[in-house]
Amino acid sequence: MRCMEKDAAGARLAQRWRGILAVHARTMCELDRVLHPYGLGASDFEVLDLLASEPSEEGGQCRVQSLADRVHLSQSALSRLIGRLVKEGLVERSVCAEDRRGVSVCLTAKGRALHAEVLPLHRAALARALDG
């Protein structure tokens, strides 16, 4: 009997995990659909959104390592993403003043304007995907 209880508990746990994955996949698809006309993917917008929330007293700058901890991308994937955003003029990269080995990024005026334009669409897509 004990083995059957463990199997049932394991099956319930796996089912919960599959539910989480389904919500994540549905949400990412909805975000990508809404953001695509603006040349953005869900991860692109997530970086813009995090940078937009950086305190202005720090110049809106954020260390790349801090972003990596929050966007759930590998360091190399985040570096490529930031490279694309720099190329498109949405963010700027600079060497950290306090630690010359570190790199900081911040939104440009163009990046801030695009973020402000797309933010309501992003939040509405999140509401549809997560509340639905």
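Which residue in β3 does Val-91 stand opposite? In this predicted model, in which local features need pLDDT of at least 70, side-chain atom pairs count only at pLDDT 80 or more and totals for chains, interfaces and linings use all residues, Val-91 stands opposite Leu-107. Residues are numbered from 1 along each chain as its sequence is written, and side-chain values use heavy atoms, with hydrogens and water left out.

Strands (E, at least two residues) and helices (H or I, at least four) are DSSP runs, numbered from the N terminus. Three strands form an open sheet in the order β1-β3-β2, with antiparallel pairing; two strands pair if DSSP finds at least two bridges between them. The edge strands, β1 (62-63) and β2 (91-95), each pair on one side only. Between β2 and β3 (residues 103-107), which run antiparallel, there are five bridges.

Helix α2 lies across β1, β2 and β3, at about 90 degrees to β3. Here contact means heavy atoms within 4.5 Å; axes are lines fitted to C-alpha atoms, for helices over the stretch in contact, and angles run from 0 to 180 degrees between N-to-C directions.

Side chains of opposite charge can pair when their charged atoms come close. A salt bridge is defined as a side-chain nitrogen of Lys or Arg within 4 Å of a carboxyl oxygen of Asp or Glu, and the count comes to five salt bridges. In one of these, the side chains of Glu-30 and Arg-128 meet at 2.6 Å, N to O. Glu-30 belongs to helix α1 and Arg-128 to helix α5, so the pair ties together parts that are 98 residues apart in sequence.
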